[in-house]
Amino acid sequence: MPYGRRRIRTAVAGTVLAVAALAGCTAAPTPPTAPRVTPSPTPSSRWDVSPSSVAAVGDSITRAFDACSLLADCPEASWATGTDPAVNSLALRLLGPGRVAAKSWNLARSGARVAALPEQMARAAAERPDLVTVMIGANDACRPTPAGMTPVAEFRRSFEAALARLRKDAPKAQVYVASVPDLRRLWDTGRASPLVRRVWELGVCGSMLADPEDLGAAAEKRRTAVRDRVVAYNEVLGEVCARDELCRYDGGAVFGFRFDETLLSSWDWFHPSRDGQARLAELAYRRITEK
């Protein structure tokens, strides 16, 4: 989820060099409120646990942004279609290393919001894949302020339009939908580190991560509003997916996963690192191959 690459590339690099000795995050307790995520439906008997081609749509997480170098995509490390054996992407697990290049397509775009998903789905459908992976929504919540977050009704319309677009040209394609990560948990993980705070101050997900040390009522209200919006997005993803026999939602697995500092990019402490990408691949493979 890029956040002004040209403006902060030099600043981030300088910050990392200047305060690297301060690295080391500590986690704070996660808020006790349970997410209202939609349970996964019983797997369809039509579901093929061994798809032979994979298209990926979504945002910078699927592009493995900041996984390899500062403010750059690293598609070879993508959880969905990457070729890096250390990540062992979903495509590598399903297709094998000899077929990934010819039978997988990473059509995600860094910075994308759900409004861009129908167009991405059209491009995916044109490849006639057996499986399409979807990870979208973090950019819809990560705005400079909560007022800029995508309304839930608008999020629903865009996601419904995306699935309808896929069904128009690729009616037999299976769909795996990952939940939006818990952005508040990321704040909990990194807020105690001076290095992380210095990087976040440059504009990383301001709606959640601005003023990370502020525990006042207004700041807590702001963070709760962002988390509630992410929960609402995940409800939409689960509900819309449940109406499609060839769609599997992850049941909130990504939302509930604890990305500690070892699984986050050392460039921004926000996007998944290579190890974090590997864990996303594992979660997806487990759900897709569930019988």
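The model is predicted; local features require pLDDT of at least 70 and side-chain atom pairs pLDDT 80 or more, while totals for chains, interfaces and linings use all residues. Residues are numbered from 1 along each chain as its sequence is written, and side-chain values use heavy atoms, with hydrogens and water left out.

A salt bridge was taken as a side-chain nitrogen of Lys or Arg within 4 Å of a carboxyl oxygen of Asp or Glu. The count comes to 16 salt bridges. One of them joins the side chains of Glu245 and Arg46, with an N to O distance of 3.0 Å. Glu245 lies in the loop between α10 (217–242) and β5 (247–249), and Arg46 in the loop between α1 (5–19) and β1 (54–58), so the pair ties together parts 199 residues apart in sequence. Helices (H or I, at least four residues) and strands (E, at least two) are DSSP runs, numbered from the N terminus. Solvent exposure was classed by relative accessible area: buried is under 20%, exposed is over 50%, and partly exposed is in between (1.4 Å probe, protein chains only). Glu245 is partly exposed, at 43% relative accessibility. Arg46 is also partly exposed, at 49%.

A salt bridge also links Asp73 and Arg63, whose closest N and O atoms are 3.4 Å apart. Both residues sit in the loop between β1 and α2 (90–95), 10 residues apart. Asp73 is partly exposed at 28% relative accessibility, whereas Arg63 is buried at 15%.

Within helix α12 (residues 274–288), Glu282 and Arg286 are 4 residues apart, which means that about one helical turn separates them. Their side chains meet in a salt bridge of 2.8 Å, N to O. Glu282 is partly exposed, at 29% relative accessibility. Elsewhere, Arg165, Lys168 and Asp169 are linked in a network of salt bridges.

Nonpolar cores were examined next. Such a core is a set of buried Ala, Val, Leu, Ile, Met, Phe, Trp, Tyr and Cys residues joined through side-chain atoms within 4.5 Å. The largest one holds 78 residues; Trp79, Val134 and Leu183 touch the most other members. Helix α10 supplies the largest share of this core, 8 residues. Contacts (heavy atoms within 4.5 Å) were listed for Val134. Leaving aside residues up to four places away in sequence, Val134 touches Val57, Leu117, Met121, Phe159, Val175, Tyr176, Val177 and Ala178. A second, separate core has 5 residues, among them Ala64, Cys74, Ala77 and Val87.
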